[in-house]
There are 2 protein chains.
Amino acid sequence: MREKQARARELKVKPTVLKLGGSVITHKEKPLTPNLPAIKRLASEISRANVSRLVLVHGGGSFGHPIAKQYAIEKGYKDQSQIIGFSKTRQAMIALNKLVVDSLIQHNISAVTVQPSSCIITKQGRIQLMEERPLRKLLEMEFVPVLHGDAVLDSDKGFAILSGDQLVSSLAIKLNAERIIIGIDVDGLYASDPKTDLNAQLIQHATPQELRKLQHKIEENKVTDVTGGMLGKIMELIPAVEKGIQAMIINAANPDNVYKALKRERVSGTVIKRGETVA
Amino acid sequence: MREKQARARELKVKPTVLKLGGSVITHKEKPLTPNLPAIKRLASEISRANVSRLVLVHGGGSFGHPIAKQYAIEKGYKDQSQIIGFSKTRQAMIALNKLVVDSLIQHNISAVTVQPSSCIITKQGRIQLMEERPLRKLLEMEFVPVLHGDAVLDSDKGFAILSGDQLVSSLAIKLNAERIIIGIDVDGLYASDPKTDLNAQLIQHATPQELRKLQHKIEENKVTDVTGGMLGKIMELIPAVEKGIQAMIINAANPDNVYKALKRERVSGTVIKRGETVA
């Protein structure tokens, strides 16, 4: 009986959605090359933090992207020669996901893959349909569901790439998450590209309004994304942030950052929060 | 335009559901040991046969079963110690499935995994909910969806084992399949166990009524399944057979049998067909 009550209470804990960027868990420049020490370290951090109700999403890095690009999967179905490319892209993501989940299980985390392509269909690249009941039930039973960016079927284009970032935002909203933690290979969102500009300034806090302004400025100037491509990914999070879910961008390549973020300890990074409406 | 018409015609081809038994694609007595030459040979046979609208289902063999048994997954959730066992069972099935799909892709088959646990929930071990739209769309686009026996979530028991046989029957009905081909490691259904009885008689044709009689006889005599466990698996096919879908049990360990069955050439085995009603 006491166990039942504890279980009922447990159900009220709002989930945390943690994304591990493809650039952290793979060697981005080398096709199909995992960063096994990073995967192992992150599994250990997640295991030590031991938070309730965790949903994990990881990116494709050098597994998904090169093959998807070779067969132009992003563009949708154009001709028959892409069909085997879709299979190969999916299979590469399965390979990476297997490494991640194997490592989580080795660290005693009850991780269970939920394959996006098996339960999601997009329309013009945006999630149109998602069967989320298996995922919800996994969470209720205290499993750690693991999803990933994927090649999925698309009702208009035949197929499409579903980014881990779109998935994170959509899951956070559907599951009424408390917070989103995005682990990437730089310290957060910068006003310019930290990989090329040594004086790049870290943006520590931003509201959706501020991000939209920044995006508008970039588009107006017709320049390439000065933030190093980061802003486009972060814009995906806005629908979740506008529902009151806080998003935090941290450097997951730095040991213990993911652990600290999960434990609600201070970590430098970018916090994206809805601006409070003035009363 | 001509291509569009061809595509529309193509959609009318009724699918074939092919099951590859776990005893064919793994070494049943050695945990986690695939039978790679068999997997490769079967991929080559499927590739040569080149049939339209193929759905593949494979069993768990020595990948899924030993771990599922160790953690009593079949019995449903009893205590917290099984949770990691569910994760491990799922991961073992992913490992086997990856080998099968990798081999299919190497043989130029556009195979795409559909993870049963990501889109199916059972109730007392029977399929209660299945999101089948991604699977249907894969078939329409001429992919070869690959499913497998799996550890799945169960709305009553927490979790359960979904057998490949139950999945085959359910898919055949949902997809309005033309036929089912079951590839096992003996020549078909025998009146006694061919692995222990040298005089075992192969049943070449059977109707659901005849199979029910045989099952009744076994239950009445309170003896172990004289057919070597085969009858229980075959009983799963009856709902599909009763809808007019023909099922064929063949020995997939014998080279070219799967190829011939796919090409509608003569193969020895057991054919299960609905008995014609007398006018």
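Biologist: How many bridges join strand β1 (residues 16–20) of chain A to strand β2 (residues 54–58) of chain A?

Modeller: This is a predicted model, in which local features need pLDDT of at least 70, side-chain atom pairs count only at pLDDT 80 or more, and totals for chains, interfaces and linings use all residues. Residues are numbered from 1 along each chain as its sequence is written, chains are lettered from A and ligands numbered from 1 in the order written, and side-chain values use heavy atoms, without hydrogens or water. Strands (E, at least two residues) and helices (H or I, at least four) are DSSP runs numbered from the N terminus, and two strands pair if DSSP finds at least two bridges between them. β1 and β2 of chain A run parallel, with A:K19 partnered by A:V57, and the number of bridges joining the two strands is five.

Biologist: Which strands stand at the edges of the open sheet in chain A?

Modeller: The sheet has eight strands with mixed pairing, in the order β3-β6-β2-β1-β9-β11-β12-β10. Each edge strand has a single partner, so one side of each is left without a neighbour in the sheet, and these strands are β3 (111–113) and β10 (205–206).

Biologist: Is strand β11 (residues 246–251) of chain B largely enclosed or open?

Modeller: β11(B) is joined to β9(B) (residues 179–184) by six parallel bridges, and to β12(B) (residues 270–272) by three antiparallel ones. Five of its six residues are buried (under 20% relative accessible area with a 1.4 Å probe, protein chains only; over 50% is exposed, in between partly exposed).

Biologist: What is the relative direction of helices α4 and α5 in chain B?

Modeller: The axes (lines fitted to C-alpha atoms over the stretch in contact, with angles from 0 to 180 degrees between N-to-C directions) of α4(B) (residues 61–70) and α5(B) (residues 83–106) come within 8 Å and cross at roughly 175°. Because angles over 145 degrees count as such, the two helices are roughly antiparallel.

Biologist: Which rotation superposes chain A on chain B?

Modeller: Copies are superposed by least squares on the C-alpha atoms of residues with pLDDT of at least 70 in both, and here the shift along the axis is 0.0 Å and the RMSD 0.0 Å. The two copies are thus related as by a two-fold rotation axis, and 100% of the contact residues (heavy atoms within 4.5 Å) of chain A recur in chain B. The rotation is 180°.

Definitions and conventions
Parallel < 35°, antiparallel > 145°, perpendicular 65-115°, else oblique.
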